Amino acid sequence: MVERNLDIGTVILAVTLTVVIMGGIFLMGWRLSEEKVSDLERDVVSFEVERRSQEISRQIAENLPEKNCEALEFAVEQTIIDTQNLADRVTEYEDSYKLQNDNFRELKKEYTNVLLEYWLLTEKVDDMCNSSTVRMLYFYSGQNVCPTCEDQGTIITHYRKKYNENLLVFPLDMRLDMRHLNILRETYKIEDYPVVVINGDTYRGFMDIEEMGEVLGKYMNEEPLNGTSEMVEK
Amino acid sequence: MIFIDLLYIFFFSVMIFSAVLWGIVYYANLDKIKKDPPVDRTRRVTILVPAYNEEDCVGETIQRLLDIDYPDDAYNIIAINDGSEDGTLEILKGFGDQIEIIDKKNTGKADSMNVALKRVDTELVASMDADSYPNEDFLKNMVGYFKDEGVSGVTPALKLMRDENLVEKIQWTEYIYQIFLRKIFALFDVQYVLPGPGSVYRTDFLKETGGWSEDTHTEDMEVAFRMMSEKKKIENTTNSVVWTDPPSTFRDLFKQRTRWYRGYVENFVKYRGMFMDRESGNLGVFFLPLNAIWIFMLVFLLTHVTYNLLLMGYQAVQTYMLLGYYPIDLTLTLQEIHLFHLFICFFVLVGLGMIFLSLFSAGEKINIKKRWLNYLTFFTIYPYMFAMFWVATFFEIARTRGKIKW
């Protein structure tokens, strides 16, 4: 017969080290999350600077005896790429969300502000120069409220990549409690999602790839599309 | 964080705790990993070799046992022909009076061992499956442990005879890892199995407690649980290597593992009094609960990973149907990296560390060029198979309503 003792000391040491390791990994995770948000912040700030430059350019162009629309449109097109990249990174952050980060929520609001300011700017440029860029406001919500929004987002991304700088998409997360989003909600009478507003025209409900292709085809001054992605590309 | 994330965090903490615990036990006993107690005196040993239709391998097993480095007059071999229908008996007879032969009707391994046990008059008794054989120094490294009167069993280091096909390669790393784990378990006093190939027992213990149990799928596990419940110690040596014949097909492996796991459940139920019992020491209070969590965890992970793979497949099909093609994006950006990736990196490091320690304990070299597939399959396919065997075991138990026969 042997007297069995519990190795409580060993187990306590193991628990302590486990807590330390878990804490270390969480700390690294938190630092990673902070770094990701900082990275987005830098992008938002850079985007904001770019937007302000364009706003100033627009004001200058507006006040010049002769409008220089070509230069203004070129500047806007350059920023379109930045907008889409920023939107992608925000989506990637949300998809990889594991740790609560309050900074991100604030950052997303800031991102939405900048996005809408940019949308207003492109509206003005369009008025001023009769631009050929198609502008799409995409109103979406979470999976519970809008089960088809994810698929709609996939289709919009597809066309955004097809049309590059000719299609400017402004994705607006309506879960954010922001005053100007509520104004837009009332303006466009949004009750269900998804909703897209293309150059001021409102389209409600999910649009499959053919439907959206046809709709966008009209704004792109193309023949109406019969639906396949290959035809959109032509 | 959603519930499933929290559950994963819990599982991660269990994995880290297990790795840290074994790491501490290993580090605290560094000098004992490869060192066995010296032989204080020559102890007489009887080696039992039960055989049922083993004509292909029993001859080599007996020859290897005759060749071991131990005084000839201090050990003897009893081979039990358990009603073989092939040439097993003739091969055994070929060894003449070098071994003792028991020829009986087929009644199973445990009964065969018990029949032979009645004839054993030596201090120690060893078991050796007919498809396994030891190195020459097999007994020398083990008998020294019996100087401690509390020790009733000693387990060897099991290695595979070959690792040629994929099924064998997966098991090769597992067996190497088990050599490390078994030593750690012995040092932490939580060994719960005395493997059929090469374990050595104190004869008195077996005779006094009824020999090998015939009402379980794993008599080698039952005897270990019994020893632990009878307040006896089970030691382990990493220096006595026994080579065993692995299942070479997935079907055979499946049958073997579901039998083992079912045996574990049977013995867990039979000795449930040890669960959380302070008198049962580390085995009852720490190990059995931890093992139960591990089994639940792996079964859950198997289910969840399978669900996620199916979901990914479904989403891929859905995207294809939406767009007419599937957009492939292989880039990884900073924004896509998250907390769980850090845990996975940590586990990869721990897994590699464990393998290094296992290879050291088993006296093996890394040999990446030859064994890269062994390591790769162990980290990828093996956990999935392990969990799948457990799921199958639970289904089988439910199907047969706990009956032994299947």
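**Entry 1: what I have**

I reminded myself that this is a predicted model. I began with chain B and looked up its secondary structure, which comes to 12 helices and 8 strands. Next I looked up its extent: the C-alpha trace spans about 80 × 45 × 45 Å along its principal axes. I also checked the radius of gyration of chain B, which is 23 Å; a compact globule with 406 residues would be near 22 Å, so the two agree.

Then I looked at burial, and 42% of the 406 residues of chain B count as buried. I also looked at how far apart in sequence the contacting residues are. Taking the contacts in chain B with a separation of 6 or more, 81% are between residues 24 or more positions apart.

**Entry 2: the sheet in chain B**

In what order do the strands of the open sheet in chain B come? I traced β3-β2-β1-β4-β7-β6-β8-β5, and the pairing is mixed. At the edges I found β3 (100–104) and β5 (132–134) of chain B, each of which pairs on one side only. On average, neighbouring strands of this sheet are turned by 30 degrees against each other, ignoring direction.

I zoomed in on one pair. Strands β1 (residues 45–51) and β2 (residues 75–82) of chain B run parallel and are joined by 7 bridges.

I then followed helix α6 (residues 166–187) of chain B, which lies across β6 (151–160) and β8 (233–244) of chain B. Helix α6 runs at about 155 degrees to β6(B).

**Entry 3: the cores**

Which residues touch the most other members of the largest nonpolar core? They are B:Ile47, B:Leu48, B:Val49, B:Val125 and B:Ala224, in a core of 94 residues. Helix α1 (residues 3–28) of chain B gives the most to this core, with 10 residues.

I clicked on B:Ile47 to see what surrounds it. Leaving aside neighbours within four places in sequence, B:Ile47 is in contact with B:Leu65, B:Tyr75, B:Ile77, B:Ala126 and B:Met128. There is also a second, separate core of 24 residues, which includes A:Tyr138, A:Leu168, A:Met174 and A:Leu216.

**Entry 4: where the chains touch**

Here I found 38 residues of chain B in contact with 34 residues of chain A. On the chain B side, the elements that give two or more residues are α1, α10 (281–323) and α11 (339–362). Helix α1(B) gives the most, with 8 residues. I sorted this side of chain B by type and got 20 nonpolar, 10 polar and 8 charged residues.

**Entry 5: the sheet in chain A**

Over in chain A I found an open sheet of 4 strands in the order β2-β1-β3-β4, with mixed pairing. Its edges are β2 (167–173) and β4 of chain A; each has a single partner strand, so one side of each is left without a neighbour in the sheet. The twist averages 20 degrees from one strand to the next.

Strand β1 (residues 134–140) of chain A runs parallel to β2(A), with 7 bridges joining them. I looked up A:Phe139, and its bridge partner in β2(A) is A:Leu172. Helix α4 (residues 149–163) of chain A packs on the sheet, touching β1 and β2 of chain A, and its direction makes about 155 degrees with that of β2(A).

Most residues other than glycine have a negative phi, and most peptide bonds are trans. So I went looking for exceptions.

The peptide bond from A:Tyr193 to A:Pro194 is cis, with omega near 0 degrees. I placed A:Pro194 in the loop between α5 (179–187) and β3 (195–198) of chain A. A:Lys189 is also in the loop between α5 and β3 of chain A, and its phi is positive, near 50 degrees. Is A:Lys189 buried or exposed? A:Lys189 is exposed, because it has 9 other C-beta atoms within 10 Å and the cut-off for exposed is 12 or fewer.

A:Asn199 has a positive phi too, of about 45 degrees. This residue is in the loop between β3 and β4 (201–204) of chain A. With 13 C-beta neighbours inside 10 Å, A:Asn199 counts as partly exposed.

Notes:
Residues are numbered from 1 along each chain as its sequence is written. Chains are lettered from A and ligands numbered from 1 in the order in which they are written. This is a predicted model: local features need pLDDT of at least 70, side-chain atom pairs count only at pLDDT 80 or more; totals for chains, interfaces and linings use all residues. The radius of gyration is taken over C-alpha atoms; the globule rule is 2.2 Å times the number of residues to the power 0.38. A residue is buried if 20 or more other C-beta atoms lie within 10 Å of its own, exposed if 12 or fewer, and partly exposed in between; C-beta atoms are placed from the backbone. Two residues are in contact if their C-beta atoms, placed from the backbone, lie within 7 Å. Two strands pair if DSSP finds at least two bridges between them. Axes are lines fitted to C-alpha atoms, for helices over the stretch in contact, and angles run from 0 to 180 degrees between N-to-C directions. A nonpolar core is a set of buried Ala, Val, Leu, Ile, Met, Phe, Trp, Tyr and Cys residues joined through C-beta atoms within 7 Å. Ala, Val, Leu, Ile, Met, Phe, Trp, Tyr, Cys and Pro count as nonpolar, Asp, Glu, Lys and Arg as charged, and the others, Gly among them, as polar.
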